[in-house]
Amino acid sequence: MYYKLKLNDKVRVPPERMGEDLNTVILDVLQEQFEGSVDKEMGIFIAVTGVDRVGDGEIIYSDGGVYYDVDFEAVTLRLSLQEIIEGIVVETTSFGAFISLGPIDAMLHMSQITDEYIDYDEKNSRLVCKDTGRTIAVGDTVRARVVALSLNEREPRESKIGLTMRQPGLGTLAWLEDECNREKAEKERK
């Protein structure tokens, strides 16, 4: 789930940027420091959206920079186990699909897609369900559940998120729409 947070931090303004607009410099420093980083409690930082307050500056002996106490706003993605998310397929492979959740990709292993046997159509870069003919291809939107979550604060790119679609109400949006239409048709026949 996405969160808008109000945070406080001490920000160092480097001496070479002292003549510039203070709010702009502080926003730049915060964006460089936080965006793309991972904090296990706060989540994955997507964006620093604004600076609310800048306190008085402090100079530390032997450091040319000035340190400011700053209140700012940020947007984060904080995932939890069993959470249902929607994402876009960005890559298919012989072992599954990678799903973009915005700032990070998650893995949907073939064994977690359906109970059916699945083939990888390398020529068309898609996964094909043997019995139903359903497909998963790049660009498809999927609804899945988070079943594995290992966030790495030091190396955010090393974080691992595992997904499943092997439960009712999960799958590509096209699959879910087909199921909904089929259920409506059955009710109309009765």
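**Rings, burial and contacts: the reasoning**

Reader: Why is Phe98 called partly exposed?
Author: This is a predicted model, and in it Phe98 has a relative accessibility of 24%. Buried needs under 20%, and exposed needs over 50%. The value for Phe98 falls in between, so Phe98 is partly exposed.

Reader: How many aromatic pairs are there?
Author: Three, taking ring centres within 6.5 Å as a pair. In one of them, Phe34 and Phe45 have their centres 5.1 Å apart and their planes at 50°. The two residues sit eleven apart in the chain, with Phe34 in helix α1 and Phe45 in strand β3.

Reader: What makes the pair of Phe34 and Phe45 tilted?
Author: The angle of 50°. Stacked needs under 30 degrees and edge-to-face needs over 60, so this pair is left as tilted.

Reader: How do you know whether Phe34 and Phe45 are buried or exposed?
Author: By relative accessible area: Phe34 has 12% and Phe45 has 2%. Both values are under 20%, so both residues are buried.

Reader: What makes Phe95 and Phe98 an edge-to-face pair?
Author: Their centres are 6.1 Å apart, which is within 6.5 Å, so they pair. Their planes stand at 90°, over the 60 degrees required, so the pair is edge-to-face. Phe95 is partly exposed, at 39% relative accessible area.

Reader: Which residues form an aromatic cluster?
Author: Phe34, Phe45 and Phe72 form one.

Reader: How do you know that the charged end of Arg78 sits over the ring of Tyr3?
Author: The charged end is 4.1 Å from the ring centre. The distance limit is 6 Å, and the angle must also be within 35 degrees of the ring normal. Arg78 counts as sitting over Tyr3, so both conditions hold.

Reader: Why is Gly55 called buried?
Author: Its relative accessibility is 17%, under the 20% limit, so Gly55 is buried. Gly55 lies in strand β3. Beyond its neighbours within four places in sequence, Gly55 is in contact with Tyr68 and Asp69. From Gly55 to Phe45, ten residues away in sequence, the C-alpha distance is 23 Å.

Reader: What makes Ser159 buried?
Author: A relative accessible area of 9%, which is under 20%. Ser159 lies in the loop between β11 and β12. Its contacts outside four places in sequence include Val38 and Ile104.

Reader: How far is the backbone nitrogen of Asn152 from a polar atom of the side chain of Ser159?
Author: The distance is 2.9 Å. That is within the 3.5 Å limit for a polar contact.

Methods: Residues numbered from 1 in each chain as written. Predicted model: local features only at pLDDT ≥ 70, side-chain atom pairs only at ≥ 80, totals over all residues. Heavy atoms only, no water. Phe/Tyr/Trp six-rings, centres within 6.5 Å; stacked < 30°, edge-to-face > 60°. Helix = DSSP H or I, 4+ residues; strand = E, 2+ residues; numbered from the N terminus. Buried < 20%, exposed > 50% of the residue type's maximum accessible area, 1.4 Å probe, protein only. Contact = heavy atoms within 4.5 Å. Polar contact = N/O pair within 3.5 Å; in protein donor to acceptor, adjacent residues only side chain to side chain.
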